[in-house]
Amino acid sequence: MEINLISDTVTRPSKGMLDAMMRAKVGDDVFKNDPTLNELEDKVAKLFNMEAALFFPSGTMANQTAIKIHTQPGDQVICDKYAHIYNYEGGGVSFNSGASCKLVDGHRGMMTAEQVETAINPPDFYHSPLTRLVAIENTTNKGGGACWSFKELERIKAVCNKHNLGYHLDGARLWNALAATVETTEQYGSLFDTISVCLSKGLGCPIGSVLVGSNENMQKALRIRKILGGGMRQVGYLAAAGIYALDHNRNRLSEDHKRAKELGICLTNCDWVKQVEPVETNIVIFELDTALTSEEKLVSYLAAKKISIINMGHGKLRMVTHLDYTKEMHDIVLASLKAF
Ligand SMILES: *Cc1c(COP(=O)(O)O)cnc(C)c1O
């Protein structure tokens, strides 16, 4: 049995999802004629109580489009130093938007309202880039699946209002944050100008992300998506997977969180582990005691048992739980870690 804990993107569509995809009514979405895609976009917009939604082939394209909506070349985006938009989107902020990032030294990928306010360049000081946008990530990827305090997000919103800045949420794993906290999609919708969510992570779709926002912003997004080559035709097959995922795979996310917590506890009790980062959702990041072992030793020991995890370097490793990680696999992983 192959056990893949590399990411929550490794899932394959379930039988139920594949059936839903096969049954989908489709049309040409470039002409806005795909009924299933229209249904998915309406469903996600309603969920967040926002005016409109737009489907994307990837979270990266959804984020990059949002950044392009909010900025002009030369402008600056404030984000945490761990941000996916800065670290893992191929330099797209500068490539696509001609904008730069002002990195904030936050905690586990999260900034404070004070840090954000300090990072804003005075708009009348024409020597520095014009600050236009604040980009948040929830849960934080490089921050180990940490969830923001909604209070802090509200305080940052007040800073954005005061300084007339756009407010974007990279919610690739917002579903996980919502499962781990008390807030609702509507609350998030009321706070941000644009939100991107992934269907291909915790929810188990093969492909797909959705951007939500105002009619005006989604109209702009439609043009930018076209420019980026993201206009797709009979995309209802993918939308059907998204609808199925929202209806069937959201409630079970807490199972992934429970197993991740159990992995965290197991690792805490291993003497070769120096530290386990607090496990809040489905990501477990831990650091080895390099006097006792090495990343390579652990990774190859687990690989021999057909268990894959990610070596992040500097003594740190990562495991991510997901829809295809079963109880049976979980027991094997726990036993294997204890026996190392
Ligand atoms: C995965 C991810 C994305 C988007 O990734 P794609 O692979 O382009 O879908 C964006 N932001 C964060 C935080 C992510 O984890």
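In this predicted model, four strands form an open sheet. Their order is β9-β10-β13-β12, and the pairing is antiparallel. Strands β9 (273-276) and β12 (310-313) lie at the edges, each pairing on one side only. On average, neighbouring strands of the sheet are turned by 30° against each other, direction ignored.

Strand β12 is joined to β13 (residues 316-320) by three bridges. The two strands run antiparallel. Within this pairing, Gly313 stands opposite Lys316 of β13.

The ligand site was considered next. Ser58, Gly59, Thr60, Asn63, His84, Glu89, Glu137, Asn141, Asp170, Ala172, Arg173 and Lys201 surround the ligand. By class, the shell divides into six polar residues, five charged residues and one nonpolar residue. Helix α3 (residues 59-70) gives the most to this shell, contributing three residues.

For Asp170, a polar side-chain atom lies 2.6 Å from a nitrogen atom of the ligand. The ligand taken alone exposes 380 Å². Of that area, the protein buries 83%.

Terms used. Residues numbered from 1 in each chain as written. Predicted model: local features only at pLDDT ≥ 70, side-chain atom pairs only at ≥ 80, totals over all residues. Heavy atoms only, no water. Pairing = 2+ DSSP bridges. Axes fitted to C-alpha atoms, helices over the stretch in contact; angles between N-to-C directions. Near = heavy atom within 4 Å. Polar contact = N/O pair within 3.5 Å; in protein donor to acceptor, adjacent residues only side chain to side chain. Areas by Shrake-Rupley, 256 points an atom, 1.4 Å probe, with all protein chains shown as cover. Nonpolar A, V, L, I, M, F, W, Y, C, P; charged D, E, K, R; others polar.
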